[in-house]
Amino acid sequence: MDSKKTNPSSENSFGKSLKDFFEEVTLLTLFTIRFFRELIKPPYEFNEFLKQSYLIGYKSLPLIAITGFIMGLVLTIQSRPTLAQFGAESWLPAMVAVSIIREIGPVVTALIFAGKVGSGIGAELASMKVTEQIDAMEVSGINPFKYLVVTRILSATFMLPILVIISDVISLYGAYIGVNLQGDVNFNLFIVKIFDKLVFTDIFPAVIKTFFFGFVVALLGCYKGYNSSKGTEGVAIAANTSVVYASLMIFILDMIAVQITSLFI
Amino acid sequence: MEEIIVADISHLKKSFGDNDILKDISFKIKQGENLAVFGKSGSGKSVLIKCLVGLIEPDDGEVVLLDSDVSKLNYDELNVLRKKIGFLFQSAALYDSMTVRENLEFPLRDLKSKPQQEIDELVLEALTNVGLAEAIDKMPSELSGGMRKRVGLARTLILKPEIILYDEPTTGLDPITSQEISQLILDIQKKYNTASIIITHDIECARIAANRIIMIKDGTSIAEGTFEELSQSKDDFVRSFFNIKPSHEKSIG
């Protein structure tokens, strides 16, 4: 039997997957172009933008705060034994701070944000599509893309960096508690040790990349929800795929951001 | 008096893949006329009215509403036209996250220059027309199916449309509520002199609210006339809709 012989059905299936992938990328690109076109075109949905900023930003705050605190506390407790082995316990605040500000804070907060906000947007828009609410807006002469999509993407883009900054601060407080569980470092000394090692190039790129994280989380949530197929199954798929794709994109963007940042350090 | 044609649909065609939904549909509606479109489930009735407002793009044919050719309008021009056309969805399509008042205020967003008192009056008038003024601060989830349809109708009426499209307005309602909704459609026609297209397979709704009926079968219009004319039709398909036994069965029986 010829070992090089391939199964035609698996070839077809691969070809179909490839075709679906490129089709999806094309549609997503068109969706993104439409976002920028609608963004600059009046009228502007300022009130809806504020409402979404409240829902996306303020309502996510408790979850972000709790996870941020735990993140700082756990990271400190986990890092202490390793540093202690090298007699470098005094480096603990600075090391934890650099880890949180540069990488863990933005990425973990963005992943939690994708889970909460991305799935929420995907499910909400998909259920609006299924129940013909988006069509109802369309036939009322109101542009649903501008009202639903532009406002959500814009809000998420601006809210995530704020949430990340808040999460970082709370994480550092968690780290302070963590340091003091087995030691005695006063707050002023803790802050001095952190800012002794933190530089501008640690903070600035870390905040800038979160704008892109926020943008991509809401973009994918809106894309999946707005183009959801009919039926309740479509709602579940939209919510699920929004989170999966957004999480993947956060890691890819983070990898790109790290490469770009390393060029300047 | 000269009759004003508000909707002129000619040779409308729409397919989804190999499935020809609308093969050749043509009709006209006069101002102040209620036209019922009859047909079995899945015969393309909903696709037809979605083609009229540009929610679905037809493959061929011409849709002229209020002297505007829908296919030749750009998105902004289409939105201006859409404000003159009301659309009541089968599910009412109320915005879940808004109260009844906010649902009704939503289509008025472009009238920001109007004082709030005037907007409140418009909302109250629309709700009073459908007999639901007391539900103004309720959420859609607190309303029954019939009430949702009425609120949907009030939202449709608030912009005082010249044409109203009803997508199965009585589906899923009990006979009494169905009759009330049908009567409401008739009252609205009389009060505002609107033209309407009523997509339905509810014979009672057509009897109460429609001046004229067209029947769709296999994507084409097969019969047209008043309720009385069609109820006396010799066509077996038409007769079956009016619960009349097919002519050959009658002769055998």
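**Questions on chains A and B of a predicted model**

Me: How many bridges join strand S7 of chain B to S8(B)?
Reply: In this predicted model, strand S7 of chain B covers residues 163-167 and runs parallel to S8(B). One pairing places Ile163(B) opposite Ala195(B) of S8(B). The number of bridges that join S7 to S8(B) is five.

Me: Which residue of S8(B) is the bridge partner of Leu35(B)?
Reply: Strand S3 of chain B, residues 34-39, is joined to S8(B) by five bridges, and these strands run parallel. Leu35(B) has its bridge partner in S8(B), and that partner is Ile197(B).

Me: Is strand S8 of chain B largely enclosed or open?
Reply: A residue counts as buried if 20 or more other C-beta atoms lie within 10 Å of its own. On one side of S8(B), Ala195(B), Ile197(B) and Ile199(B) are buried, and on the other Ser196(B), Ile198(B) and Thr200(B) are buried as well. Because six of the six residues of S8(B), residues 195-200, are buried, the rest of the structure leaves this strand largely enclosed.

Me: How many residues of helix H1 of chain B are buried?
Reply: Helix H1 of chain B spans residues 45-52 and is mostly covered. Its buried residues include Lys45(B), Val47(B), Lys50(B) and Cys51(B). The count of buried residues in H1(B) is eight of eight.

Me: Which residue just after H1(B) takes a positive phi?
Reply: The place to look is just after H1(B), where a phi of about 80 degrees is found. The residue with this positive phi is Gly54(B).

Me: Which element of chain B gives the most to the side that touches chain A?
Reply: The two chains meet through 14 residues of chain B and 11 residues of chain A. On the chain B side, the residues divide into nine nonpolar, two polar and three charged. The element that gives the most, with three residues (75-82 being its range), is helix H2 of chain B.

Me: Are H8(A) and H9(A) roughly parallel or roughly antiparallel?
Reply: Helix H8 of chain A (residues 200-226) packs against helix H9 of chain A (residues 232-264), with axes 9 Å apart and an angle of about 155 degrees. Angles over 145 degrees count as roughly antiparallel. The angle therefore makes H8(A), relative to H9(A), roughly antiparallel.

Me: How many residues in the contact of H8(A) with H9(A) are nonpolar?
Reply: The crossing of these two helices is right-handed. Contact residues of H8(A) include Phe212(A), Val216(A) and Leu220(A), while those of H9(A) include Tyr245(A), Met249(A) and Leu253(A). Six residues of this contact are polar and three are charged, and the number of nonpolar ones is 14.

Me: Is Val169(A) buried, partly exposed or exposed?
Reply: Val169(A) belongs to helix H6 of chain A, residues 144-181. A residue is buried with 20 or more other C-beta atoms within 10 Å and exposed with 12 or fewer. Since Val169(A) has 16 such atoms within 10 Å, its class is partly exposed.

Me: What separates the C-alpha atoms of Val169(A) and Thr201(A)?
Reply: These two residues stand 32 residues apart along the chain. Thr201(A) is also one of the residues by which H8(A) touches H9(A). The separation of the C-alpha atoms of Val169(A) and Thr201(A) is 17 Å.

Key. Residues are numbered from 1 along each chain as its sequence is written. Chains are lettered from A and ligands numbered from 1 in the order in which they are written. This is a predicted model: local features need pLDDT of at least 70, side-chain atom pairs count only at pLDDT 80 or more; totals for chains, interfaces and linings use all residues. Axes are lines fitted to C-alpha atoms, for helices over the stretch in contact, and angles run from 0 to 180 degrees between N-to-C directions. Helices (H or I, at least four residues) and strands (E, at least two) are DSSP runs, numbered from the N terminus. Angles under 35 degrees count as roughly parallel, over 145 as roughly antiparallel, 65 to 115 as roughly perpendicular and the rest as oblique. A crossing is left-handed if the near helix is turned anticlockwise from the far one by less than a right angle, and right-handed if clockwise. Two residues are in contact if their C-beta atoms, placed from the backbone, lie within 7 Å. Ala, Val, Leu, Ile, Met, Phe, Trp, Tyr, Cys and Pro count as nonpolar, Asp, Glu, Lys and Arg as charged, and the others, Gly among them, as polar. Two strands pair if DSSP finds at least two bridges between them.
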